Amino acid sequence: MADPIVVGVDGSASSLRAVAWAAREARLRGAPLRIVHVALRWAYDVPLVPQPENWGPEREAAAQELLRQAAKRARADAPAVTVTTEILDGAAAEAIAATAESAQLIVVGSRGRGGFAGLLLGSVSGALAARSPCPVVIVGRPQAGHGAEIVVGVTGHPDQDPVVRFAFEEAVLRRLPLRAVHAWTHPAVRGPGDMQPLVYDVEGIGQEEARLLAESLAGWRERFPDVTLAEHVKHEHPSKALSNASVSAALVVVGAPGRASFFGSTIHFLLHHTQAPVAVIPYAGADQVRRKGPWAGQKAC
């Protein structure tokens with residue numbers, strides 16, 4: 001059986017939208033769906049100060065009802081998907097991240113209960129992102145439709161292969177075209193020791209950036225010949241370019257290089273302003289990121 005998709009719920013409207021999205025994704029991938037709710041269940045015989053709120057029958061019943069409603073929502077969107085529910089112990093980030101070891105994808109809502117920035121926009125977000133060895137999808141505001149394409153932000157660097165791969169795989173699963181967006185504000189640094197010029201030809205640099213994008217995607221075109229691919233080079237900040245592209249997107253795919261800097265300014269901006277769910281793909285070099293999913297046996301270009 002395929003590895004599960006894990007979705008975290010807290011009873012908020014945002015988390016229920018995440019459940020619906022995760023259920024449809026599980027159907028596409030032929031994967032089971034695991035719905036989890038994190039609670040700090042207290043062992044009464046352990047004398048700690050200060051003591052957290054005791055876990056009793058009422059809180060247990062409320063948590064189980066929350067999971068029941070989430071499972072009902074999931075089955076309504078994907079009746080054929082196998083759905084399981086579970087209460088996890090501990091802090092949210094650590095508990096959900098632990099499930100990633102056996103998951104191919106983690107899905108969460110962008111805002112928690114009470115309207116506060118939630119699971120991936122607050123302090124939990126950095127901790128979860130730093131610990132998750134698999135992609136994390138953040139589902140935000142309601143979409144007017146399902147989107148007409150997959151959008152991926154491409155730097156042109158070879159170590160971003162896991163990000164591009166994920167985007168192509170999603171395009172195949174959804175039978176949608178893929179738009180690769182390469183945005184730049186200054187000439188790209190090609191290697192160690194390179195320095196950016198103070199004055200440069202925008203048109204000429206734009207052509208070089210377009211060649212960089214085409215070269216970085218050439219192997220992927222051959223590997224996924226059935227995917228309709230459009231290449232867009234923008235002379236603007238990546239956050240703005242991707243946010244604008246998200247209006248017609250079913251999913252926006254971005255990379256997060258390195259664990260320590262998982263949340264860059266572009267990703268943070270997108271989570272607040274994007275019109276589509278955002279998939280954050282960790283990468284630290286093509287051979288260092290664990291891959292799970294339909295094409296897990298393929299090598300990077």
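## Working through a predicted fold

Gln160 sits in the loop between β6 (149-153) and α5; helices (H or I, at least four residues) and strands (E, at least two) are DSSP runs, numbered from the N terminus. You're looking at a predicted model, where local features need pLDDT of at least 70, side-chain atom pairs count only at pLDDT 80 or more, and totals for chains, interfaces and linings use all residues. Residues are numbered from 1 along each chain as its sequence is written, and side-chain values use heavy atoms, with hydrogens and water left out.

**Exercise: the loop residue**

Work out whether Gln160 is buried or exposed, and which residues it is in contact with.

*Solution.* Start with accessibility: Gln160 has 4% relative accessibility, so Gln160 counts as buried (buried means under 20% relative accessible area, exposed over 50%, partly exposed in between, with a 1.4 Å probe and protein chains only). Next, list the contacts (heavy atoms within 4.5 Å). Skip the neighbours within four places in sequence, and you get Gly153, Val154, Thr155, Gly255 and Tyr283 for Gln160. Now zoom in on Thr155: the Gln160 side chain reaches the backbone nitrogen of Thr155 at 2.8 Å.

Find how α1 and α5 are oriented to each other, and which residues make the contact.

*Solution.* Take the angle to begin with: helix α1 (residues 13-29) and helix α5 (residues 161-174) pack at about 80 degrees, and their axes are 10 Å apart. Axes are lines fitted to C-alpha atoms, for helices over the stretch in contact, and angles run from 0 to 180 degrees between N-to-C directions. Then name the orientation: α1 and α5 are therefore roughly perpendicular (65 to 115 degrees; under 35 is roughly parallel, over 145 roughly antiparallel, the rest oblique). Trp21, Glu25, Leu28 and Arg29 of α1 meet Phe166, Glu170, Leu173 and Arg174 of α5. Sort them by class, and the contact of α1 with α5 has four nonpolar, no polar and four charged residues. For sorting, Ala, Val, Leu, Ile, Met, Phe, Trp, Tyr, Cys and Pro count as nonpolar, Asp, Glu, Lys and Arg as charged, and the others, Gly among them, as polar.

*Solution.* The structure holds three aromatic pairs (ring centres of Phe, Tyr and Trp, using its six-membered ring, within 6.5 Å; planes under 30 degrees apart are stacked, over 60 edge-to-face, the rest tilted). Phe224 lies in the loop between α6 and β8 (229-234), so its pair with Phe168 in helix α5 joins parts 56 residues apart in sequence.

**Exercise: a strand residue**

Where is His37 found, and which residues does it touch?

*Solution.* His37 is in strand β2 (residues 33-39). With a relative accessible area of 10%, His37 is buried. Leave out residues up to four places away in sequence, and His37 touches Val9, Asp10, Ala63, Leu66, Leu67, Glu86, Ile87 and Leu88.

Key. A polar contact is a pair of N or O atoms within 3.5 Å; within protein, one must be able to donate a hydrogen and the other to accept it, and residues adjacent in sequence count only if both atoms are side-chain atoms.
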